[in-house]
Amino acid sequence: MRRVGCILSLAAAVVFFAEEGVCAEASRGEPATIDAEQLSFDRPSNTALGEGNVVIKYKGTTLRADRVRFNSTTKEAWADGHVRLDRGNEEWAAPAAYYNFETGEFKADEVRGFLDPLIVSGTSIHQVGSNHYAFATGTLTTCDYDPPHYRLQASHAEVWSGDRVTMYNVTVRFGNVPVFWFPVVVMSLKDDTPPVALSVGQSSRAGFFVLSSTHWQLGEDLKFTLHLDERTRRGVGVGGDLQYRTGTTGEGLLRGYYINDAKPRDDIDIATGKNIPRNRYRAQWQHKQALTEDIDLTANMNKLSDPDVIDDFFNREFQREREPESVIDVTQRGPNHTLSLQARPEFNVFFAEVERLPEAKLSVNRMRVGSTPLFYESETSAGYLHNIQGLTGDSLYTGDTGRADTFHQVTLPATLFGWLSVVPRAGARETYYLRGPAGAPDTNEIHRAIYDLGLETSFKMSRTWDDVQSTRWRIDGLRHIVQPFANYSWVPSPSVKSNEVFQFDTVRSITLSNSTMLSLTRFSPIDFPAFNTIDGIDKENVVRFGLRQKLQTRRDGRPWDLAELTGWTDWRIEQTGDHRDFNDLYGMLRLRPVDWISLDLYGRYDMNNGLLQEFNTSAQVVKTDLWAVGLETRLLRHDSNLVGLSQRYRLSRRWTVQTYHRVELQDGQWEEQEYMLEQETHDWLINYGVRLRNQRTQKDEVAFFVAVTLKAFPGAKLGVNRIDVGSQN
């Protein structure tokens, strides 16, 4: 009988709301629905009274309670007894509450909220504005135990739905014991950045250290992270990261860090012999902005106190970028062109860099010339350039002048015999220098003319085996693609030799231990405009030829590259200087047999002397979250032979071990070792680590550390050198 009564009540509720709200709801969507064990209606006041397991649903919000009085016109509900309100990613529980389904207004004397991953409770909740609520008193935790292991207790709290929770006059308590006090704490509801990250340890270079990061969500488009560090041998370091958004079209980061370094590497940089200042800092501004639909602004400005500050205090960032550049770029992209205006000032004079103050460039994409079979492309640039030598001593980094360059080329793509692709090309370049370098035959205005002819050709062959199947390796047929290719380039001697003009855009080289020179770009393209080292262009008569192969299968109805192998070399028809007939043989291999195994190889082989000049590998095997192994090698003959090995293994549900090793095989020295044990508690992620760094030019470093962050916010961790919370590292 009870079930029949519920069905009849539901039917009556539907009829009631359909009759009373059909006109109003016709423009607002589907009407509210109410279900209860007992329902009664007061038609003059458009009010329904439900008792027993009452459920009201409207516009994606669900209200449950023992008893509810609901006005179908104003969409107001007065609920009593085991009240639960589900709204988006939020769930609120209270003994009694008022809620307006139309305006979102919510009132309760006592309330407990589940705002993943936060649990908030408080008294006297009331609405301040749209999606903005205030508590008279409030507590916050990520622990779902009752009572929680820890909590933040505040005299006043505010919640912005889907954005953040802000608490004032906050006491951090473990159990009932107060341990910290903060004037303000802001917890984000939009990302996994932790409110606090802490690392404590002992280092032979830094002494006893405490690294801390505290995060505040200042607004929907603004968040700030404060870094406060203490190193007993180095001093107190303080910094901040301010991330912001400018509406939906732009975002940026302002970052700074300062330390009065008590021991800046014994005051001397051994590599340069220069004094390192005690006042050490870094400042950075990054910004991206869509000015219009086709115009973008990018800015990245960096100022450092010395060349080693990033290495000393942001070592992992240093491994990715050793010499941060400064650039402001405005680019307009059209269907057939790209127009950019770029300024590259150099604020760090100890780095070798080419300043562009500024430089404008117009690139015209390859496009058909009318109805002819010809295609046209070009690049034109003009600017004022300045070579800064820095501390390198490189003679190329000298001088400044204005330079204008324009390049134009036509191509005639064709397919012969139905399978052979041929693309002949012819181009011309004119470069103007306001003046020449000291010691050149002509130091006044220089006009340099360059011409080029070339031919690019390739074809493909393939064979398919549809009967090859493997469920284990997800093989659904095989296809082997073979593509031989060749590219011929002829550049007669320029009207002015490259050693008679400034070398702003040129091929840089390093000197190895056996005094040989190695290009920093490994291999350069031989065709224009891909070869864009304008000032380094010289006489050329060369053919680059090679073979590209792919082995594919089908996965999810799409081609999947199991393996890709490419090899190539250059044949110099005319030799210049000490060049030989054939260049080194290059090869690249990429393997992806399954989505949890990857292998990349790169090699460079000296065919004339039978020597392996360079060989790099990067391999990774990942088995879900149970274990992972990564291997990297970097072999450069007469320079280095590095091997790096990283491992991660989950020992149990709560314990994971990670290791990293890097060794130089040429002299057998272990350059870096790191061992970390991660403990996952109910509320916290705790990392216990040991790090050893053997450095040839400085004292070796040994460090022990413990890093702690909330399990619910795994977005950042700290170690011996900080990883900036909330930054764009």
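This is a predicted model: local features need pLDDT of at least 70, side-chain atom pairs count only at pLDDT 80 or more; totals for chains, interfaces and linings use all residues.
The side chain of Glu91 meets that of Arg84 in a salt bridge, with 2.4 Å from N to O. Arg84 is also partly exposed, at 33% relative accessibility.

## The protein as a whole

Now step back. The protein has 729 residues, and 43% of them are buried. Its secondary structure includes 45 strands and three helices.

## Nonpolar cores

Which residues touch the most other members of the largest nonpolar core? They are Leu63, Val68, Trp92, Phe106 and Val165, out of 46 residues in that core. Strand E11 (residues 150–160) gives the most to this core, namely five residues. A second, separate core holds 10 residues, among them Tyr257 and Phe314.

Val165 has contacts beyond its sequence neighbours, including Leu115, Leu140, Glu158 and Met187.

In one of them, Arg366 pairs with Glu377 at 3.0 Å, N to O. This pair joins strand E25 (residues 353–368) to strand E26 (residues 375–388). Glu377 is buried at 9% relative accessible area, while Arg366 is partly exposed at 43%.

Another bridge connects Arg592 and Asp600 at 3.1 Å, N to O. Here Arg592 is buried, at 17%, and Asp600 is partly exposed, at 27%. Salt bridges also form a network, whose members include Arg205, Asp261, Arg693 and Glu701.

Methods. Residues are numbered from 1 along each chain as its sequence is written. Side-chain values use heavy atoms; hydrogens and water are left out. Helices (H or I, at least four residues) and strands (E, at least two) are DSSP runs, numbered from the N terminus. Buried means under 20% relative accessible area, exposed over 50%, partly exposed in between (1.4 Å probe, protein chains only). A nonpolar core is a set of buried Ala, Val, Leu, Ile, Met, Phe, Trp, Tyr and Cys residues joined through side-chain atoms within 4.5 Å. Contact means heavy atoms within 4.5 Å. A salt bridge is a side-chain nitrogen of Lys or Arg within 4 Å of a carboxyl oxygen of Asp or Glu. Lists of a residue's contacts leave out its neighbours within four places in sequence.
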